[in-house]
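These are my notebook entries on a two-chain model, written down in the order in which I looked things up.

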Amino acid sequence: MKKSIFLLAIFGLFPLAMQWADQLFYVSFATRVMIYAIAATSLNLVLGYGGMISFGHAAFVGTGAYVGSILVAEGVTSALIGWPAAIAVSALAAGIIGAISLRTRGVYFIMITLAFAQMMFYLVNSMKAYGGDEGLTLRQRPSLIVDLGDEVTFYYVVLSILALTIFLLYRLMKSRFGRVVIAIRENEARAEAIGFPVFRYKLACFVIAGAAAGLAGALLASHGKYVNPNVLHWVQSGTLMIMVILGGVGHLWGGALGAAMLLGLEHLISDYPIGWLAQLAPNYQQHANLGVGLVMLALVLFAPQGIAGLLERRKHAAA
Amino acid sequence: MLRLESVSKRFGGVAATDRVSLEVAAGEVHALIGPNGAGKTTLVGLISGALRADSGNVRFMDSDISSLPQHDRVRSGLARSYQITSIFRKLSVLDNLALAVQARSGSSFSFWRPLEKETGLFEAASSILGEIGLQEKKNHLAATLAHGEQRALEVGLALATQPKLVLLDEPMAGMGPEESRHMIELIERIRAGVTVLLVEHDMDAVFRLADRISVMVDGRVIATDSPEKIRLNPEVRRAYLGDEVPA
């Protein structure tokens, strides 16, 4: 608890420090990281806690992003309507996709979630009225009680939502429902055999995660004032998965740590040239993924529980 | 209490159970014996609802449960244990049992209230813990238990759902004599409160515990009778028992 307050204080003071140092870019960058942290945290609920390897989570992020953006484009500029609508439609999409995909297991589940996400990717590509493959640019961010156009204000709004998301996940996993989700991950057949309607719990878990991902999508589109079909592309689903694996599968902070790590690393590699490496390979910065890949490899080999697992291990070693 | 009416199940071309009819009376320990591959575990699957019969009916407490999914059958008081241990290995022993209690106590679509506060669940789990003799291991991870202890937890999970009829699929599988004795004592203790359908290869246990015995061979029940009569039944001797029968 103490640590959470400490963390909140750091994140709370961060934009003020950046404002003082005249580095507003980093406020916007941190906002983006936090939005991805929400999305990755929602995937962690399904993948890490629920053991359902969904390779189509971008479908829900994308649904939220498009619902939020289309509403703004159609003149419904209030985030109080837009964001809840994004949550609701994404939850509905997760309900439909989940009801079908959760009847399969293992590789089939991976493939069917991927297939659904790709179908939606092509669907938004063909929505000519809303930009088609070129995407949809918004004139402004949606409005809330506060001025979301201001980077620092937007940062605080996203920070609050991220904190709330992690707190809700924490409470969820301590509840009856959370215990059942873990039981299903550990031994699905036995969970059914002691009397849990397994399918319903998995579906509920999938829908909750889809709803949270939808909110992340709406935030993402609001933040960039732009959305395009790539937000639903399978690479995006893969990126979220990598974040969860980097951060820690089934760890409370896994999604957030992974998002920070991945986006931070990408930013470091592409914006801070290393002299000798640039001389050796002049274009290396355009291939940030190579560096990310190497880090990923090292983590999977040496810290299969991700960064959160590493931190926890150090804590145990110290105690 | 339980009545199977001509229940059949085929896997590909093989009839795993072939028009099996069987009755288990309330309060009895009913043993189901037969050689490997006779279809005993398939029958347990059909009764518990993990498998659906191709034809025939399963009736439990005067209602037809043939089309009920497994979790609804558990709710109506019909639980099973597994021949191959199937527990929640990464949870503690107490948490394993609390989970099974939770499954039978109201809805678990509760997203906010911490589980820790539900002391009732853990009290009920503790009493099962005593029954299966694992009090001292309650905070151990299930995966770290010895084989015999895991088998006891396996049966405990079924008991924690407060069944009226419990299907025990070879509870003594892989046990040494000492562990088997504990299991027999456990079944002796629970039989007062719950009807038992016991699938078992350990003939000492079967003849000690069973009120009635059904013999299954090649997917069919060839006889159901008291232990004395089963022991003398020529057809049963020929098909299965052979020299194993204690005289």
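Entry 1, faces of a strand. In this predicted model I looked at which way the residues of strand 3 of chain B point, and I noted that B:Val29, B:Ala31 and B:Ile33 face one way while B:His30 and B:Leu32 face the other, all of them being buried. I set beside this the rule that in a regular strand the side chains alternate between the two faces of the sheet. Strand 3 of chain B spans residues 29-33, and since five of the five residues are buried, I recorded the strand as largely enclosed by the rest of the structure.

Entry 2, partners of that strand. I then looked up the pairing and found that strand 3 of chain B runs parallel to strand 8 of chain B, residues 195-199, with four bridges between them; in that pairing B:Val29 has B:Val196 as its bridge partner. Strand 9 of chain B, residues 212-217, is likewise parallel to strand 3 of chain B and joined to it by four bridges, and here I noted B:Ser214 as the bridge partner of B:Leu32.

Elsewhere in my list was a four-stranded open sheet of chain B, whose strands come in the order 2-1-4-5 and pair in the antiparallel sense. Its edges are strand 2 (14-24) and strand 5 (63-64) of chain B, each of which pairs on one side only. Between strand 4 of chain B, residues 55-60, and strand 5 of chain B I noted two bridges in an antiparallel arrangement, with B:Phe60 opposite B:Ser63. Helix 1 of chain B, residues 40-48, packs on this sheet and touches strand 1 (2-11), strand 2 and strand 4 of chain B, its direction making about 60 degrees with that of strand 2.

How many residues of chain A are in contact with chain B? I found 20 of chain A in contact with 28 of chain B. On the side of chain A that touches chain B, helix 6 (151-174), helix 7 (176-186) and helix 8 (188-193) of chain A each supply at least two residues, and helix 7 gives the most, with six. I sorted the residues of that side into 10 nonpolar, three polar and seven charged.

Is A:Lys315 buried or exposed? A:Lys315, which lies in helix 14 of chain A, residues 306-318, has 9 C-beta neighbours inside 10 Å and therefore counts as exposed. I also noted that A:Lys315 and A:Gly178 are 137 residues apart in sequence and, C-alpha to C-alpha, 25 Å apart in space.

Terms used: Residues numbered from 1 in each chain as written. Chains lettered and ligands numbered in written order. Predicted model: local features only at pLDDT ≥ 70, side-chain atom pairs only at ≥ 80, totals over all residues. Buried ≥ 20, exposed ≤ 12 C-beta atoms within 10 Å, placed from the backbone. Pairing = 2+ DSSP bridges. Contact = placed C-beta atoms within 7 Å. Nonpolar A, V, L, I, M, F, W, Y, C, P; charged D, E, K, R; others polar. Axes fitted to C-alpha atoms, helices over the stretch in contact; angles between N-to-C directions.
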